[in-house]
Structures are given as structure tokens and as C-alpha cells.
Amino acid sequence: MEGLLWYATRGAGIVSLVLFTVVACLGMLTVGRWQRPGWPRFLTAELHSNLALLSIVFLAIHILIAVLDPYTSLGVGAALIPFSSPYRQFWLGLGGVAMYLIGAVIVTSLLRARIGRRAWRAVHWLSYASWPIAVLHGIGTGTDGGEAWSLVIVGGCIVAMIAALAWRIGQTRAARAQMETALPTRRATS
């Protein structure tokens with residue numbers, strides 16, 4: 001049974017990383033208003049939301065199994081209080097920090113209509129911090145970090161995030177440039 005829990009924790013962690021990567025990339029594409037011809041505009045946003053829910057399910061499975069796994073002997077306290085675990089304290093602590101950052105994004109997303117778009121967006125920026133922290137957690141805690149399959153998956157996630165972020169930054173710059181050319185120039189009055 002111990003071996004099964006160990007594999008399940010690792011598997012759920014890897015699936016969580018892949019799903020959160022896709023969610024983050026879709027989030028950047030949604031904000032940048034990316035769409036394909038014939039693709040309804042809401043589709044990217046809906047896919048982003050639904051995959052976010054699925055990623056939360058896998059994250060919860062990952063955490064629950066890690067708490068139940070006797071090999072690590074984490075316990076609930078170590079899962080809830082970052083940097084309190086005697087097992088790989090720093091790396092598991094990063095996972096706890098990432099969990100709380102994602103938790104803040106989830107809660108504010110659920111309360112978006114009540115807290116307003118500005119507050120929601122400000123907290124939603126935490127997802128940019130939570131993803132690399134979660135990646136570091138996986139690299140430092142994961143027992144398969146040096147395996148070829150793990151390097152390919154993590155490397156693919158990193159490449160996807162860098163590409164989506166570069167595209168997002170490019171879209172922001174293009175939108176600003178377009179706004180500046182559309183606004184009348186101001187002449188200095190002497």
C-alpha cells in the first residue's frame with residue numbers, strides 16, 4: 001500500500017503541474033484575447049475555468065495522499081503550515097506557500113462579483129508567483145527530478161509558460177503602442 005500511495009502522490013503532483021501550466025497559459029491567452037477563426041471567444045475563458053477546477057481536484061488529491069502516506073509522515077499540520085515538516089522542510093514549505101497563493105486566487109475568483117474586478121485582478125496576479133514556486137517544490141521534493149521523463153515534463157511546462165508569457169508581454173506592448181498612436185498628441189504649451 002505504501003508504494004501505491006507514493007506513486008499516487010507523485011502522479012497527482014505531476015498532473016497538477018501540467019494542469020496548472022495549461023491553466024496559466026490559457027489565462028494569459030484569455031487576457032490577451034487570443035482566439036482562432038471560428039472559435040467562440042468564451043471558449044478560451046471557459047476552458048481556463050474548467051481546467052482550473054480540475055487542477056484544484058488533482059492538487060487536493062496530491063495533498064491528501066501526501067498526508068496519508070506513512071513514508072513521509074507529514075500529517076495535517078505539515079500540510080497546512082508551510083516549512084513545518086521535518087521531511088524536506090524547505091521544499092515542502094514551498095509547496096505550502098504555492099497552495100496558499102493558489103487558494104487566494106480560488107477564493108477571490110469565487111467572490112469576484114462581490115469584491116470587484118480590480119481586487120480580483122490584483123489577487124489573481126499571485127498565480128504568476130505560485131507557478132514557479134510550485135515548480136521549485138516539485139523539483140526539490142520530487143524523487144524523480146533527474147529522470148528523463150520528469151525533465152521532459154517539467155521542461156515542457158517551463159517552455160510553455162515562457163512562450164505564453166512572452167506572447168502576453170508582446171500583446172500588452174502592441175496594445176499600448178496602438179493606444180498611443182490612436183490618441184492625439186499633446187502639444188506643450190509655452
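Asp144 is buried, at 13% relative accessibility. Here buried means under 20% relative accessible area, exposed means over 50%, and partly exposed lies in between (1.4 Å probe, protein chains only). This is a predicted model, in which local features need pLDDT of at least 70, side-chain atom pairs count only at pLDDT 80 or more, and totals for chains, interfaces and linings use all residues. Residues are numbered from 1 along each chain as its sequence is written, and side-chain values use heavy atoms, with hydrogens and water left out.

**The salt bridge**

- Asp144 pairs with Arg10 through their side chains in a salt bridge (2.4 Å, N to O).
- Asp144 sits in the loop between α7 and α8 (148-182), while Arg10 belongs to helix α1 (residues 2-31), so the pair ties together parts that are 134 residues apart in sequence.
- A salt bridge is defined as a side-chain nitrogen of Lys or Arg within 4 Å of a carboxyl oxygen of Asp or Glu.
- By this rule the count is one salt bridge.

**The chain as a whole**

- The protein chain has eight helices and zero strands.
- Its pattern along the sequence reads α-α-α-α-α-α-α-α.
- Helices (H or I, at least four residues) and strands (E, at least two) are DSSP runs, numbered from the N terminus.
- Of the 190 residues in the protein chain, 29% are buried.
- The protein chain exposes about 12,100 Å², and carbon and sulfur atoms supply 69% of that area.
- Accessible areas come from the Shrake-Rupley method with a 1.4 Å probe; for residues, only the protein chains shown count as cover.
- Take the contacts in the protein chain between residues at least 6 apart in sequence: 64% of them join residues at least 24 apart.
- A contact means heavy atoms within 4.5 Å.

- The expected span of a helix is 1.5 Å times one less than its number of residues.
- Helix α4 has 22 residues and should span 32 Å; its end C-alpha atoms are 31 Å apart, which agrees.
- Helix α7 has 16 residues and reaches 22 Å from its first C-alpha to its last, close to the 22 Å expected.
- The buried residues of α4 include Leu92, Gly96, Met99, Ile102 and Val105.
- Among the buried residues of α7 are Ser130, Trp131, Val135 and His137.
- Ala134 lies in helix α7 and is partly exposed, at 30% relative accessibility.
- Ala134 and Gly96 are 38 residues apart along the chain, yet their C-alpha atoms are separated by 8.8 Å.

- Arg121 is in helix α6 (residues 117-124).
- Arg121 is partly exposed, with a relative accessible area of 38%.
- From Arg121 to Val105 is 16 residues in sequence and 9.1 Å in space, C-alpha to C-alpha.

**A nonpolar surface patch**

- Phe83, Phe90, Trp91, Leu136 and Ile139 form a nonpolar patch on the surface, with about 460 Å² of accessible area together.
- Two elements, α4 (89-110) and α7 (126-141), each give two or more residues to the nonpolar patch.
- Patches are made of residues with over 30% relative accessible area and no salt bridge: like charges are joined within 9 Å, nonpolar side chains (Val, Leu, Ile, Met, Phe, Trp, Tyr) within 5 Å.
- Leu136 is in helix α7, and it is partly exposed, with a relative accessible area of 42%.

**Positive phi in a loop**

- Most residues other than glycine have a negative phi.
- Phe83 is not a glycine, but it has a positive phi of about 70°.
- Phe83 is in the loop between α3 (75-80) and α4, and counts as partly exposed at 34% relative accessibility.
- Arg88 also has a positive phi, near 45°, and is a residue other than glycine.
- Arg88 is placed in the loop between α3 and α4, and is partly exposed at 33% relative accessibility.

**Cysteines**

- The structure holds zero disulfides.
- A disulfide is a pair of cysteine sulfur atoms within 2.5 Å.
- Cys25 is in no disulfide, and the nearest cysteine sulfur, that of Cys157, is 8.3 Å away.
- Cys157 is likewise in no disulfide.
- Cys25 is buried, with a relative accessible area of 12%, and Cys157 is buried, with 7%.
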